[in-house]
Amino acid sequence: PVVAVIWSLGGLGMGMATSTLGVLLLDQSATDQQGANSAAMQISDSIAESLALAIGAVTFAILLTVDSTAAYVVVFGLSVAFVTGALALSGRLEPIR
């Protein structure tokens, strides 16, 4: 039950962030560039999600043959590393004036 609540909150946060970023992207884009920028954001999201999933799956599969507990710990650690990197990079963002 606790894991389901945590994953639900994570999904809610991702959903809120994606729609907020989409609105921000359209707000900051010139009218004639909104379509291209929106498509670029979707492609970027898809590539990043696919890459993260692939890295996690391969790491998990390799470590699962060694130790199942270590496999889970390392994959969740990778998730934390991705989040930490994203938060570090988000500090560079500044509003356009």
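Which residues in H1 meet which residues in H2? In this predicted model, Thr18, Leu21, Gly22, Leu25 and Leu26 in H1 meet Gln34, Asn37, Ser38 and Met41 in H2.

**View 1. The packing of helix H1 against helix H2 in the predicted model.** Helix H1, which covers residues 2-28, and helix H2, which covers residues 34-64, pack at an angle of about 150°, and their axes lie 10 Å apart. Because angles over 145 degrees count as roughly antiparallel, H1 is roughly antiparallel to H2. The crossing of these two helices, H1 and H2, is right-handed. Sorted by class, the contact of H1 with H2 comprises four nonpolar residues, five polar residues and no charged residues.

**View 2. The packing of helix H2 against helix H3.** The axes of H2 and H3 come within 8 Å of each other, crossing at roughly 160°, and the two helices, H2 and H3, are therefore roughly antiparallel to each other. The crossing of H2 and H3 is right-handed. On the side of H2, the contact is made by Ala52, Ile55, Gly56, Thr59, Phe60, Leu63 and Leu64, while H3 contributes Ser68, Ala70, Ala71, Tyr72, Val74, Val75, Leu78 and Phe82. By class, the residues of the contact of H2 with H3 divide into 12 nonpolar and three polar, with no charged residue among them.

**View 3. The largest pocket of the model.** The largest pocket has a volume of about 1,800 Å³. It is lined by 36 residues, of which Leu21, Asp45, Ala48, Phe82 and Ala86 are the closest to its centre.

**View 4. The make-up of the lining of the largest pocket.** H1 provides the largest share of the lining of the largest pocket, namely 12 residues. When the residues of this lining are divided by class, 24 are nonpolar, nine are polar and three are charged.

Note on methods:
Residues numbered from 1 in each chain as written. Predicted model: local features only at pLDDT ≥ 70, side-chain atom pairs only at ≥ 80, totals over all residues. Heavy atoms only, no water. Axes fitted to C-alpha atoms, helices over the stretch in contact; angles between N-to-C directions. Helix = DSSP H or I, 4+ residues; strand = E, 2+ residues; numbered from the N terminus. Parallel < 35°, antiparallel > 145°, perpendicular 65-115°, else oblique. Left-handed = near helix turned anticlockwise from the far one by under 90°. Contact = heavy atoms within 4.5 Å. Nonpolar A, V, L, I, M, F, W, Y, C, P; charged D, E, K, R; others polar. 1 Å grid on protein atoms, 1.4 Å probe; cavity = no way out; pocket = protein on both sides within 12 Å on 5 of 7 lines; lining within 4 Å. Points joined across faces, edges and corners; volume = space filled by probe spheres on them.
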